[in-house]
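Trainee: Please show me how one reads the contacts within a protein model.
Mentor: Let us look at the model together and proceed feature by feature.

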Amino acid sequence: MMTRSLVLALAATSLASLAPLTPALAAELKVGASNMPPYLDPGRDHSNVGSQFYYNSFDTLIEKDHSTAEAKFLPGLATQWNRIDDLTMEFKLRPGVVFHNGEPLTADDVVFSFNRMFQASFPPYAVRSKDRLNNFDVAEKVDDLTVRVRTKKPEPLWETLINMQQLMIVPEDYVKGLTGDPKVAENSDFEAFALAPVGSGPYRIAEFIPGERIVWQRHDAFWGDKAPFERVTVRSIPEMATRITALKNGEVDIITNLPPDQLATVEADPNLKTAGMVTPLFHVLIYNTLNEKMASPKLRQALNHAIDRQTLSEALWQGKAVVPASHTMEPFGALYMPELKTFEYDIEKAKELLAESGYKGEEIRIDTSATYYTNGLLAMQAVAEMWGAIGVKTRINVDDKWTGNDPTMNARNWSNPMYFPDPFGSFGVMWAPGGPSEGEGRFKTDADYAEKWDRFRFSTDVAARREAYGELMERIKNDPPFLVLYQPYESWGMRKTVDWAPAPGHIPYVLDFRAGSIRVDG
């Protein structure tokens, strides 16, 4: 069994070599982020890193109250929406909305934004369309301020899906005019847009250097409450110790991805404080079930039973992480099912299953990134120790390159965010038939799985959806393509003059600097 002291030893971090940084004197809000994205396009992006940066600059037709995890939907770019029939929703658009480039937002922009996703030909959009939007058929203009959206089957999650980041609205003429024929949306236009994005939110993107920096400036023509800052700068500071130094020296006002073992370091400074929350996201361990080494379900069951997730939570997250018995979390609402027992720690059962699996001492490669996930490398080191305790040989491969589509991958850590508050928005986005896990060649579904999925996905009866989801979790238990490790407790450090905290109604990691979400005193 992995001891808490051993995991703590793996987690030990020294700050003795921190070098002082020159404090900044500018009056805008400044943020030091662990990572920065290589592009900014809400349609194609679903990364933890990218998701931080869209809400300040883009709007959806349907907004929501982010102060609560409960799904309370509000008017956004649409002032009202009404069901026309079982397959059609009509949206009345807000008049007078202006994009950051000065163009008025009309029904044409909504139809363009939606159909580029619903009927995607640009490969990155096609992936997002397939994994979360494949029930949508088409968006059509009725008049300049009215749009109708049609689905292929009756849709039980209308408001939830229309509120997604991937359906934020972008300006049609601007996108089409970036390259080539200004009357045609070409792949090169979408690539160019990702480096020079334009939305309708309270901040325009004044500067974007991929992987390095984003600068927002107040959009004075914003339709809602004005942004509280004239300028917000977020820059990449990958090393945690350097981020803390920058905060201590006043170079930044907020830092992201503060691990629990450094909360005391920040809070010991009388000028600083922290804010945190259990994040609506799972850190997971995924398996390449189609790799010869990992083909045995009993081997993967054994590996899951061998991992003491509660010890990981206590040692790496000071017990603040949530360790679920299944792929379920409270924001799922009526679909929250903590009674399911999909994942259990049982070292003796692990040894028994390993003996039955046909495992002959082959080395299992565990892929991980050095810094992408808070405590990610430390967790994988601990997992390797736990697997070693039942006789499994491992090798940790540290590489920031994504290997989820590599046929030689055996196991790796990943994150599974809640993209919207429903099991479809978390489990389903990753492990639905035809979703990313199957599409990247590490997981395969069959007709029985697909039948269970369809009952879960499209039933309008909550009891029927719960029953089908329980059946899906039983499939996952018996032939596991992954293990949920925990919901991490993520923290942010900030100056005491900053009044900000992550909001429970957002998808993970959103830096919400809109009016009402942040205040700076002094």
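Mentor: Arg365 forms a salt bridge with Asp406, and their closest N and O atoms are 3.7 Å apart. Arg365 lies in strand S14 and Asp406 in the loop between strand S15 (394–398) and S16, so the pair ties together parts that are 41 residues apart in sequence. The model is predicted: local features need pLDDT of at least 70 and side-chain atom pairs count only at pLDDT 80 or more, while totals for chains, interfaces and linings use all residues. Residues are numbered from 1 along each chain as its sequence is written, and side-chain values use heavy atoms, with hydrogens and water left out.

Trainee: What is a salt bridge, and how many does the count come to?

Mentor: Side chains of opposite charge can pair when their charged atoms come close. The rule asks for a side-chain nitrogen of Lys or Arg within 4 Å of a carboxyl oxygen of Asp or Glu. By this rule the count comes to 34 salt bridges. Arg365 also meets Asp367 in a salt bridge, at 2.7 Å from N to O.

Trainee: Is Arg365 buried or exposed?

Mentor: Buried means under 20% relative accessible area, exposed means over 50%, and partly exposed lies in between (1.4 Å probe, protein chains only). Arg365 has a relative accessible area of 13% and is therefore buried. Asp406 is partly exposed, because its relative accessible area is 23%.

Trainee: Which strands pair with S16?

Mentor: Strands are DSSP runs (E, at least two residues), numbered from the N terminus. Two strands pair if DSSP finds at least two bridges between them. Strand S13 (residues 281–287) pairs with S16 in the antiparallel sense over seven bridges, and His283 stands opposite Ser415 in S16. Strand S14 (residues 364–368) pairs with S16 in the parallel sense over two bridges, and here Ile366 stands opposite Ala411. In S16 (residues 411–417), seven of its seven residues are buried.

Trainee: How many aromatic pairs does the structure hold?

Mentor: Rings of Phe, Tyr and Trp (its six-membered ring) pair if their centres lie within 6.5 Å; planes under 30 degrees apart count as stacked, over 60 as edge-to-face and the rest as tilted. The structure holds 30 aromatic pairs. One of them joins Trp216 and Phe513 edge-to-face, at 6.3 Å centre to centre with 80° between the planes. This pair links distant parts of the chain, 297 residues apart. Trp216 counts as buried because its relative accessibility is 0%.

Definitions and conventions
Helix = DSSP H or I, 4+ residues; strand = E, 2+ residues; numbered from the N terminus.
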